[in-house]
Amino acid sequence: MSYALELRGVTKRFGDVTAVDAVDLAIPHGEFFSLLGPSGCGKTTTLRMIAGFEEPTEGELLLDGRPGTTIPPFRRNTNLVFQSYALFPHMSVYDNVAFGPRRAGVPRDEERRRVNAVLRTVRMEAYADRLPRALSGGQRQRVALARALVNEPAVLLLDEPLGALDLKLRKEMQIELKHIQREVGISFVYVTHDQEEAMTMSDRIAVMNEGRIEQIGPPEEVYHRPATRFVAEFIGAANLLEVEVIAAPGGKPTRARFPSGLETAVASANRTDATVGSRGVLVLRPEHLVLHAAPPTDEPAVETTIVETIFQGSVVRFELTTPDGTHITALETTRRPAPGGPGDTVWITWAQERAHVVLD
Amino acid sequence: METVRVDVGVRERSTGAAPGPALTITARRRITLALQAAFLLFVAFVLFGPVVILAIFSFNDSIVLGFPFKGLTLSWYAQAWGEPNLWGSLAASLKVAVVVTPVCLILGLASAFALTRFRFRFRGAVGGFVALPLVIPWLIIGVGGLLFFSSAGVRLGLPTVGIMHVVIAFPLVTALLSAQLFRLDPHLHEAALDLGADERTTLRLVVLPLLLPTLAASAIFVFSWSFNNFIVSFFTAGFDNTFPIWVFSTLRRARDLPMVNAISTLISAAQVLVVVVAWQLLRRAMERRGQDIRDIVAG
């Protein structure tokens with residue numbers, strides 16, 4: 001199978017600093033793929049290497065199955081949507097969008113058809129004659145997207161394109177971007193540090209940290225079965241409880257024990273080469289926890305004290321602490337009355353089928 | 001209760017001041033405004049008073065530059081018209097300015113690009129070196145040019161004047177263009193490359209059009225600097241005359257003074273007219289392209 005984009009062992013060093021460290025990626029045609037990570041994790045450098053603005057120190061890059069490592073940016077069939085939009089201020093919306101087709105020598109009537117079509121896709125056809133300065137941030141964003149899309153690239157690259165928009169507009173544009181991507185069927189590589197944004201739009205997410213990819217997978221998998229502690233903590237809120245594996249038939253952990261001696265079932269783990277005695281953390285999402293006023297008898301429960309309860313409308317957030325001082329956050333819907341207030345002792349249980357262990 | 005008490009307090013304070021010659025806020029603003037206007041008039045008088053007086057006396061029917069006014073005449077203008085050296089020196093100055101201006105634009109563009117787009121060793125030092133002619137007195141530069149050309153055995157004349165004008169004027173272009181390049185989003189350049197334009201096409205379609213207003217403004221500055229320069233030209237012109245040199249040498253004969261007055265008035269008027277028209281054209285061109293001319297000089 002040929003991929004729209006493939007990275008094989010791509011490394012980028014700036015002097016002594018390794019910005020991107022042996023990254024392997026394979027992005028099929030039509031996929032919405034996100035590179036997610038904190039600032040300085042190498043995601044933008046990776047994107048710039050795909051666009052051709054940086055040359056990899058090592059490794060190989062394939063576009064549509066053909067080698068692309070050394071193709072200059074103006075001959076690459078990739079297009080980049082810049083965070084600052086980088087619309088040409090002296091050209092109208094139409095001329096901005098027509099810039100690519102004109103460079104490619106597209107005939108006039110074909111150019112007109114394509115530009116108008118893509119402006120319709122981003123709902124900006126009424127603004128074709130405007131200058132960028134006469135547009136709002138959201139409109140500029142759409143034009144920047146149209147200017148890249150009109151070239152029908154093998155991969156469309158987006159560098160935090162919604163970063164400059166306010167929250168409400170950002171949420172709207174997330175949904176719209178996803179729709180547009182489905183409509184045009186072009187692979188998107190989307191760089192962001194916002195895990196919620198990545199989950200909202202992506203088919204798959206690569207979580208990056210310190211130049212390396214920590215995990216690649218669909219949003220559900222990255223969220224429910226994180227491969228590393230970093231992923232568990234970076235994606236969503238997570239409670240990490242130290243555990244020791246006590247049963248691992250065939251390397252797959254099935255039971256774990258807390259330092260308190262309490263034992264629990266394990267539904268999944270990041271590794272399949274575990275042995276009895278392997279150490280790690282049990283990842284419990286706040287919304288998977290259930291609070292009980294009395295100790296339940298039929299499932300393992302951790303005793304905690306309520307430090308604070310915060311009413312948030314649809315949910316109540318409980319800040320809890322265990323006897324050994326571990327901090328735990330739990331979310332409960334407001335359907336039932338709170339099991340207690342600050343200072344009260346409550347017992348937490350969790351959705352057993354979500355009990356995921358990340359081994360060190 | 002609380003609000004009522006505050007209300008009373010305010011009223012007391014304002015009525016308490018009423019018996020004296022109270023200055024209302026409006027009155028204070030008027031006084032400030034009047035002072036500002038007076039200051040502005042004073043500055044304008046100091047700056048332009050001499051030029052205006054010069055212009056007035058160019059119509060005075062007397063060889064003496066002083067009151068009382070003897071009567072209106074255009075004879076000085078008529079005499080100027082027939083002055084053969086005037087036309088030669090004007091043509092020389094125009095020739096020099098016409099050659100110097102594009103050379104300065106090209107040099108300024110190249111150095112501004114180097115200083116803003118590339119990182120290299122001693123970049124700061126090179127930048128300072130380029131800007132140096134802007135702070136060294138023109139007298140020193142003129143004498144330096146004279147010593148250099150004479151020791152190198154170069155015959156002085158209009159070409160050496162032109163070379164020296166380039167030396168003093170292109171750093172100004174570098175400064176203006178650097179400021180503009182510095183403020184351009186570097187991603188514009190990358191965006192053009194990304195959309196399939198090679199470096200040359202990017203320069204032609206994106207970078208140069210965005211620099212065009214600054215280039216035009218630079219051209220206006222360089223042209224008038226070159227055309228008006230006296231000191232540097234004086235030292236490096238040899239036996240050639242530029243217009244300012246001719247004016248200076250003519251001034252030494254007192255009886256020609258009113259004629260020089262007439263010529264200077266005309267030339268000044270022409271230059272102001274040219275610059276104003278050029279500036280307006282530029283402003284309109286920029287407005288059409290959605291830019292603001294204030295971007296060039298301010299910010």
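This is a short talk on a two-chain model, chain A and then chain B, ending with where they touch.

Before the details, the ground rules. This is a predicted model, in which local features need pLDDT of at least 70 and side-chain atom pairs count only at pLDDT 80 or more, while totals for chains, interfaces and linings use all residues. Residues are numbered from 1 along each chain as its sequence is written, and chains are lettered from A and ligands numbered from 1 in the order in which they are written.

Let me start with chain A. Its secondary structure comes to 8 helices and 21 strands. Here helices (H or I, at least four residues) and strands (E, at least two) are DSSP runs, numbered from the N terminus. The C-alpha atoms of chain A fill a box of roughly 75 × 45 × 35 Å, taken along the principal axes. Of its 360 residues, 43% are buried. Buried means that 20 or more other C-beta atoms lie within 10 Å of the residue's own; exposed means 12 or fewer, partly exposed is in between, and C-beta atoms are placed from the backbone. Among the contacts in chain A with a separation of 6 or more, 64% come from residues 24 or more positions apart. A contact means that two C-beta atoms, placed from the backbone, lie within 7 Å.

Now two sheets of chain A. One is an open sheet of 4 strands, in the order β2-β1-β4-β5, with antiparallel pairing. Two strands pair if DSSP finds at least two bridges between them. Which strands stand at the edges? They are β2 (17–27) and β5 (66–67) of chain A, and each has a single partner strand, so one side of each is left without a neighbour in the sheet. Further in, β1 (residues 5–14) and β4 (residues 58–63) of chain A pair in the antiparallel sense over 5 bridges. As an example of a bridge, R8(A) has E60(A), in β4(A), as its partner.

The other is an open sheet of 6 strands in chain A, with the order β13-β12-β11-β15-β21-β14 and mixed pairing. At its edges are β13 (263–265) and β14 (268–269) of chain A; each has a single partner strand, so one side of each has no neighbour in the sheet. The strands β14(A) and β21(A) run parallel and are joined by 2 bridges. In β21(A), V357(A) is the bridge partner of A269(A).

Next to consider is one loop residue, Q352(A). It lies in the loop between β20 (345–350) and β21 (356–359) of chain A. Is Q352(A) buried or partly exposed? It has 13 C-beta neighbours inside 10 Å, so Q352(A) counts as partly exposed. Leaving out residues up to four places away in sequence, Q352(A) touches A265(A) and A267(A). The C-alpha atoms of Q352(A) and A265(A) are separated by 6.9 Å, although the two residues are 87 residues apart along the chain.

That brings me to chain B. It has 13 helices and 0 strands. Buried residues are 28% of its 299 residues. Of the contacts in chain B between residues at least 6 apart in sequence, 76% join residues at least 24 apart. Chain B is divided into domain 1 (20–51) and domain 2 (83–297), with bounds that come from an automatic or database domain assignment. The centres of these two domains of chain B, taken over C-alpha atoms, are separated by 37 Å.

Helix α6 (residues 138–151) of chain B has 14 residues and reaches 20 Å from its first C-alpha to its last, close to the 20 Å expected at 1.5 Å a residue. The expected span is 1.5 Å times one less than the number of residues. Which residues of α6(B) are buried? They are G142(B), G145(B) and F149(B). Seen down the axis of α6(B), these buried residues fall within an arc of 60°, so they line one face of the helix. The arc is that of the directions from the helix axis to the C-beta atoms. The buried residues of α6(B) pack against α7 (158–183) and α10 (231–236) of chain B. On the other side of α6(B), L139(B), I140(B), L147(B) and S151(B) are exposed. Just after α6(B), G153(B) takes a positive phi of about 75°.

Last, the contact between the chains. How many residues of chain B are in contact with chain A? There are 17, in contact with 20 residues of chain A. On the chain B side, α8 (186–194) and α9 (199–228) each supply at least two residues. The largest share, 6 residues, comes from α8(B). By class, the side of chain B that touches chain A has 8 nonpolar, 4 polar and 5 charged residues. For those classes, Ala, Val, Leu, Ile, Met, Phe, Trp, Tyr, Cys and Pro count as nonpolar, Asp, Glu, Lys and Arg as charged, and the others, Gly among them, as polar.
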